Amino acid sequence: MLKTRVVKIGGNELDRPEWLATCARALKPLEPLVVVHGGGQAVSTLSRRLDLPVERRGGVRVTTAAVAEVVELVLAGPANRVVVAALREAELDAIGLSGVDGGLLTARPATGAAGGLGHVGEIAAVRASLLESLLLAGLTPVIAPVAPGPEGGLPFNVNADAAAAAVAGALGAAELLFISDVPGVQLDGVVQPSLAAGEIETLIELGAATDGMAVKLRAAAAALRDGVRAVRIGDVRLLGHPSAGTRIVAAAVQPA
């Protein structure tokens, strides 16, 4: 199979056309690839307009049924379209999908959802054969991370970092890249060139990694457990510089 990269893009950057265009141009040389996107700012904006609550716990959106409808509307609609359009402008043959399309993703209630997160899911299955067929056809799948349960119904809100990790694991991806507006994992203000997966929970417990970064780190560790060969976290420089950002490694980094 092709040596595929999975790239998750998200954060505030999706609201910045110039950033998205720069990112799309930098992605072109990395084909074949699968893109998973977020869109939390747009979801929050529309939720507020509709007088719906905007709340996060541990970096995860609290999702009532009404908020879940907004998540699907935004992520599978304008957020997906904007990313697809930017990639196509950069001459990537992008095709937009949500987790519902073709049975691409199946979810189950996320651990902890019973504790007040609401209609939040985690990926239970990925139809990797569909993605592989699209990649072999020269297409670039762009995935909005909403996914139905096995019985269908209202799709779950799935964290985009966790969805990207599940997709990368299912594909046996050569690399998983988490791209946002931060240069990497910072400890005491210093970007770490590498970080052992075994250290992640300790960093979170100590408060050195919180909210969205904690979610990213846990997703990175899950991807490595699922067989992804390499994971990096950082900004758009990840796309042009193999040493940029923070590399998450499966084994503890040995001291020199």
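Analyst: Happy to. A salt bridge here is a side-chain nitrogen of Lys or Arg within 4 Å of a carboxyl oxygen of Asp or Glu. This is a predicted model, in which local features need pLDDT of at least 70 and side-chain atom pairs count only at pLDDT 80 or more, while totals for chains, interfaces and linings use all residues. Residues are numbered from 1 along each chain as its sequence is written, and side-chain values use heavy atoms, leaving out hydrogens and water.

The rule gives 11 salt bridges. One of them pairs Asp161 with Lys8, with the closest N and O atoms 3.2 Å apart. Because Asp161 sits in helix α5 (residues 160-171) and Lys8 in strand β1 (residues 5-9), this pair ties together parts that are 153 residues apart in sequence. Helices (H or I, at least four residues) and strands (E, at least two) are DSSP runs, numbered from the N terminus.

Asp161 also meets Lys216 in a salt bridge, at 3.5 Å from N to O. That pair links distant parts of the chain, with Lys216 in helix α7 (residues 211-225) and Asp161 in helix α5, 55 residues apart. Are these residues buried or exposed? Asp161 and Lys8 are both buried, and so is Lys216; buried means under 20% relative accessible area, exposed over 50%, and partly exposed in between (1.4 Å probe, protein chains only).

Another salt bridge joins Asp235 and Arg237, whose closest N and O atoms are 2.9 Å apart. Asp235 counts as buried because its relative accessibility is 15%, whereas Arg237, at 46%, counts as partly exposed.
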